[in-house]
Amino acid sequence: MAGTPPPPLPPTGGFAIPRLPSPSGSRPRHSINNSFSFGPQNLVDSLAEANTSGASDRRRSYLDPSRSILHASPLRSSPRVSRRAKTTASRHPLANDTTDVFQDDADDEGEDEAHEWTIVDRMRLWRHDALMQHLYDSAAFWGDKIVSWTNDPNDAFWLAQTYFLKHEYSRAERLLTRPFPTTPPRTGPLASVTNGTFQPPFAPANVKGKGREMAPPSMGGGLFDEIAPGVQRLPVGPGEMIDVAIQYDEGVSRLVDMSVACRYLAAQCQMRQGKWNDALEMLGESNPFRNSGRGGPDAPNVDGGIKIEASMCNLRGLLMLKLNRGDQAKACFMEALVLDVKCYEAFEQLVDGEMMTPEEEWEFVKSLPYREQIPADGDFVRLMYQSRLRKHKHTEEHALVRRRLVDEYGLGDNPDVLYSFADALYTQLRWADCFAVTSRILGLVSIHKATIPLHVACMYHMKHLHSKLFLFAHDLVEKEPESATSWFAVGMWYMCVEKYPEARTYFSKTSLMDPRFAPAWIAFAHAFSMEGEHDHAVTAYSTCARLYTGSHLPLMFVGMEHMILSNLKLAEEALLAAEHMCDSDPLLFNERGVMAFMKDDYEGAAKLFAQALNLAQVVQTSQLAWVPTYINLGTALRRTGRLQEAKAAYQRVLEIDYRNVAALSFMGVTQHLLGNVEAAIVKYHEALSIDPINGYVLELLEHALETSADMGPFGTKGAPIGAPGDESWAAKMREHRDLKGKQVAQDMTADDEMMSM
């Protein structure tokens with residue numbers, strides 16, 4: 001027989017751990033000792049073995065990733081099946097053995113004896129009742145005693161859940177990953193004696209019928225000397241796995257190798273402790289059940305809950321985000337939703353984290369297998385998910401979705417449905433209407449995480465609500481000091497009063513509390529831009545673009561900053577990249593029009609401004625919000641010589657806001673170019689009545705007055721010779737008009753350059 005090959009040499013300058021011979025090399029080692037890795041491969045191998053070997057349904061059930069954790073409900077605490085009692089006395093529902101995470105579907109036919117309450121049953125009742133009343137210390141205290149007596153994996157699972165709820169993550173992880181006996185001991189530290197017959201507070205899981213009653217111990221040395229002989233404790237310490245391999249062949253395993261639910265809970269504990277790589281190793285870099293034969297989207301969910309396989313994919317995605325692996329996180333969240341469309345957390349991460357473009361997320365959510373997984377409720381779930389998508393596209397479909405949720409399902413006053421309506425109004429820049437809806441939502445529920453950023457943004461845009469924003473931010477900090485949205489509201493208040501360094505301080509605090517809170521990142525960059533720190537703003541917006549790969553807004557803002565810095569080539573690249581992600585945002589087309597105007601492409605600019613206004617009409621946005629685009633359109637048309645169309649654009653602005661100084665000034669310029677000097681003077685006076693110290697308008701008025709004085713009633717050449725009906729009169733009038741037009745054009749050239757930007 002060939003000898004054992006020597007261990008590989010260590011790398012230069014390193015140290016190697018020598019491979020020790022196994023003291024139990026002559027007998028097979030248990031699965032927990034095959035490797036020190038915490039990866040899920042052993043669990044997958046056990047599932048495959050259970051499928052191919054025809055193992056019992058009990059073993060398959062707690063290895064099945066297509067089940068939920070409904071079977072770990074408080075209605076059952078042990079792996080044994082419930083028995084029908086002959087007596088009329090009823091047990092407390094929390095003590096009934098009906099379902100658990102370690103299901104035992106074995107048939108106990110022939111056993112029909114009455115089940116009497118034991119101390120373990122009563123303590124299980126105490127444990128679950130304490131959990132329901134949030135008395136976690138009580139639940140942990142009694143649950144620990146139960147585990148010491150029973151060595152029941154399901155009791156250990158519930159104890160780990162209790163530690164998790166107490167935020168004792170290290171303690172829960174230790175319980176789930178240490179060696180654990182798979183069968184309960186035959187005796188415990190407590191026992192009861194009834195009519196001279198010894199009965200332990202539990203029965204071994206592998207003993208059925210009358211065999212559950214055990215003979216009393218020998219009374220020779222005294223009852224209490226031998227009634228609790230105890231069970232040999234498993235070794236603990238750094239070498240515990242090797243110690244277990246030496247002393248035990250069977251009956252010992254880790255809970256994470258016995259149950260998918262335990263492995264998922266252990267990974268949750270590791271993530272809460274910041275051990276992201278360890279948690280990822282616990283779950284696996286990719287879904288280990290994808291090709292196992294039992295997992296996948298086609299595997300039926302027999303119990304109607306949420307597949308734990310989908311929950312594991314969602315947790316894997318969160319870990320990928322922690323490790324800055326955004327593309328893999330996106331794939332994990334998408335897989336979680338495909339596995340189980342009820343996994344809302346994965347949907348929330350995809351949509352709120354803006355990992356997909358608006359068109360991609362619409363098509364993905366639309367194609368999920370709703371009817372295959374939940375035939376009765378699939379349509380409702382699809383409508384709820386579609387109502388949460390971004391509203392830049394599919395405007396009519398979004399309106400139909402909201403109408404159906406209100407009319408067919410009666411959710412007209414539901415906060416989530418109202419939030420969908422508020423989000424659509426905010427996208428249309430209808431601040432007042434959006435504020436009315438968000439106020440209604442916060443009147444129904446004091447805190448709604450998705451609504452608060454919209455509510456705060458609306459108060460920021462409407463100046464008369466700034467004082468209300470101050471009070472609202474203080475109220476949030478008092479109610480929810482640990483919430484990121486509270487400090488975001490404080491930062492927005494400082495933005496209102498133009499204290500940008502203080503605002504950035506609170507936005508930084510918000511992003512530290514919740515690194516995936518998109519409004520704080522965007523507002524942080526806005527604070528730099530408004531303060532004139534455009535280079536820093538470009539850096540901040542670029543960080544947003546890297547974090548939120550499905551949003552076009554950071555790229556659009558990068559382009560706007562580059563235009564301010566006169567980096568036209570970089571600005572154009574950023575705006576085109578933003579358009580590739582979302583080709584239906586009117587604001588983006590407005591910025592592209594400004595870019596074309598700066599490059600002296602006035603025809604292209606006019607087309608882009610007109611397209612922006614057409615898109616704004618499609619989404620029924622607020623007309624007041626698009627006044628700058630109308631002014632931009634008029635200026636571009638005026639530069640191309642289409643004065644009548646420019647005049648119509650400015651007139652449209654005055655219909656919306658008759659006190660708009662820019663529109664009045666540009667209307668005066670257009671009238672001046674058309675030769676209507678007197679009308680131009682009137683418009684200049686109207687503009688100055690609103691803004692008396694506007695230097696540009698004062699200069700334009702001065703030119704108009706000089707032109708009017710020089711021209712006189714018949715221009716600079718005096719009155720024409722001949723009667724009004726003579727041919728000479730007509731010739732002189734034509735010459736007069738031509739001269740007047742040239743003079744006006746010369747006067748307006750310099751001023752037009754200043755006013756157009």
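The model is predicted.

**Stop one: Asn 660**

Select residues 643-656, helix α32.

Is Asn 660 buried or exposed? Its relative accessibility is 13%. Buried means under 20%, so Asn 660 counts as buried.

Now show the side chain of Asn 660. One of its polar atoms lies 2.9 Å from the backbone nitrogen of Ala 663.

Which residues does Asn 660 touch, leaving out those up to four places away in sequence? Select Val 627, Ile 631, Val 653 and Leu 654.

**Stop two: Leu 283**

Move to helix α11, residues 276-283. Leu 283 lies in this helix. Its relative accessibility is 0%, so Leu 283 counts as buried.

Draw a line from its C-alpha to the C-alpha of Leu 283: the distance is 9.8 Å. In sequence, Leu 283 and Gln 268 are 15 residues apart.

**Stop three: two cysteines**

Select Cys 544. It is buried, with a relative accessible area of 0%. Then select Cys 582. This cysteine is at 1% relative accessibility and also counts as buried.

How many disulfides does a search of the whole structure find? The search finds 0.

Note on methods:
Residues are numbered from 1 along each chain as its sequence is written. This is a predicted model: local features need pLDDT of at least 70, side-chain atom pairs count only at pLDDT 80 or more; totals for chains, interfaces and linings use all residues. Side-chain values use heavy atoms; hydrogens and water are left out. Helices (H or I, at least four residues) and strands (E, at least two) are DSSP runs, numbered from the N terminus. Buried means under 20% relative accessible area, exposed over 50%, partly exposed in between (1.4 Å probe, protein chains only). A polar contact is a pair of N or O atoms within 3.5 Å; within protein, one must be able to donate a hydrogen and the other to accept it, and residues adjacent in sequence count only if both atoms are side-chain atoms. Contact means heavy atoms within 4.5 Å. A disulfide is a pair of cysteine sulfur atoms within 2.5 Å.
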